[in-house]
Amino acid sequence: MNHNKIIIWIALLSVATIGGVTLWRTLSVKKAESTKYKMPPKIVECIVVEKSDISRKKTFSGVLKSSDSISLVSENHGRIEKINCKQGDFVKKGQMLFQMDSMKAMAELQEAKANLKVFKIDYDRKKNLHRKKALALSELEKSEGAFLQACGRLKKAQADYTSTIITAPFDGQIGLFSLSIGTHVSPNQELARLISFRPLVVEFQVPESERNYIKEGQNIDVLSELLDELPVSATITAINPYSDPTTHTVQVKGTLSQESSKLRDGAFAHVTMTLGEARDCIVVPQEAIIREGDFDYAYKLSDGRANKVEVSIGYHDGSRVQIESGLEPGTTLIIDPVEELFDGMQVKPVSEPTDTFAKSSANQRQGG
């Protein structure tokens, strides 16, 4: 009997000991967990969503071209007698560039002048005689015909002589050429190329679906890789009346309003133009939007957490984007750093959210 009681007491004591140890361990774990390091909220920059105006802008690839570009050629067979320019020279309109061998043309011109003088004297003398009724009309007409033929031969001789002198038809720059004095050239053989850069034009294509949004006189911005400056302004001066059946694009030409010695014929350029606008709509910074697959998202600030919402995008202007749905005016929007956030993440604004972005947009709209 006493032996059984001892066993029972020992069992009860063991259970109590194990229970105490378990309770102690549980409390110890909870205490340790309560003292673990907690991740602080992510510091974010926010704005208050407001309404504004925005223009839809697009950028197209284009090519710079000279407004005038011609091939300088010789009209006749001949030998180059004089070269009055160097490769790459800037020349003025009317400046003599190449002189062909002109001895034969000069001789013919002098002969034509002498013949004309003889025929004019004869014609004047016979007019006098006819006036005095001392010469038949037929003889006068014959002399007049010879005189007019002599005038024609003189004009031809003058043209032949003039064709031996190649002059610049406009201000421009001479291209590369491989000619020297004494070189024999053939008719219509290119001697050099003359290019004018005043003004330069830009040619580009836009999708035919955008044709109704462009018009002559519209302002565009042109940025070339040759420039480390701001874009150069230009004006649309011509639009092809038909679309390319293969690419379904429309050819457009714009004239640059500024000159730059850095810009060159054939250089690649980016053309940015406005293709419509939206007024009194929700506009947010482009960097506030993240793209995942085929959908766009933004993060709202709500109760100290980042809430991910799907948004529908409208117009872009390069730095801002129109929100057609998903955000409402007055919403606190996280704009940086959205790439490091996830839905439900604890966040803390770096400062009190403001509507600075919207005010800035309004000032741009008013020209401020």
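Me: Is S143 buried or exposed?

Reply: S143 lies in helix 3, which covers residues 137-162; helices (H or I, at least four residues) and strands (E, at least two) are DSSP runs, numbered from the N terminus. This is a predicted model, in which local features need pLDDT of at least 70 and side-chain atom pairs count only at pLDDT 80 or more, while totals for chains, interfaces and linings use all residues. Residues are numbered from 1 along each chain as its sequence is written, and side-chain values use heavy atoms, with hydrogens and water left out. Since buried means under 20% relative accessible area, exposed over 50% and partly exposed in between (1.4 Å probe, protein chains only), and S143 has a relative accessible area of 3%, S143 counts as buried.

Me: Which residues is S143 in contact with, leaving aside its neighbours within four places in sequence?

Reply: Contact here means heavy atoms within 4.5 Å. Once the neighbours within four places in sequence are left aside, the contacts of S143 are D122, Y123 and K126.

Me: How many of the 368 residues of the chain count as buried, as a percentage?

Reply: The chain has four helices and 19 strands, and among its contacts between residues at least 6 apart in sequence, 75% join residues at least 24 apart. The chain exposes about 23,100 Å², of which carbon and sulfur atoms supply 53%; such areas come from the Shrake-Rupley method with a 1.4 Å probe, and for residues only the protein chains shown count as cover. Of the 368 residues, the share that counts as buried is 33%.

Me: What is the distance in space between V347 and P40, C-alpha to C-alpha?

Reply: V347 lies in strand 19 (residues 347-349) and counts as buried because its relative accessibility is 5%. Beyond its neighbours within four places in sequence, V347 is in contact with several residues, including P41, K42, V44, L301 and I334. V347 and P40 are 307 residues apart in sequence, yet the distance between their C-alpha atoms is 8.3 Å.

Me: Which residue of strand 18 is the bridge partner of K300?

Reply: Strand 18 (residues 332-336) has four of its five residues buried, so it is largely enclosed by the rest of the structure. Two strands pair if DSSP finds at least two bridges between them, and strand 1 (residues 42-48) is joined to strand 18 by four bridges in the antiparallel sense, with E45 opposite D336. Strand 15 (residues 295-302) also pairs with strand 18 in the antiparallel sense, over two bridges, and there the partner of K300 is L333.

Me: Which residue takes a positive phi in the hairpin of strand 16 and strand 17?

Reply: Strand 17 (residues 320-325) is joined by four bridges to strand 13 (residues 268-285), and these two run antiparallel, with V284 and V321 as bridge partners. Strand 16 (residues 305-316) runs antiparallel to strand 17 and is joined to it by three bridges, with I313 opposite I323. Between strand 16 and strand 17 the hairpin has three residues, and the residue with a positive phi, near 105°, is G318.

Me: What is the distance in space between V185 and H77, C-alpha to C-alpha?

Reply: V185 lies in strand 8 and is buried, because its relative accessible area is 3%. Not counting residues up to four places away in sequence, V185 touches S74, N76, H77, G78, I80, M100 and L191. V185 and H77 are 108 residues apart in sequence, while their C-alpha atoms are separated by 5.8 Å.
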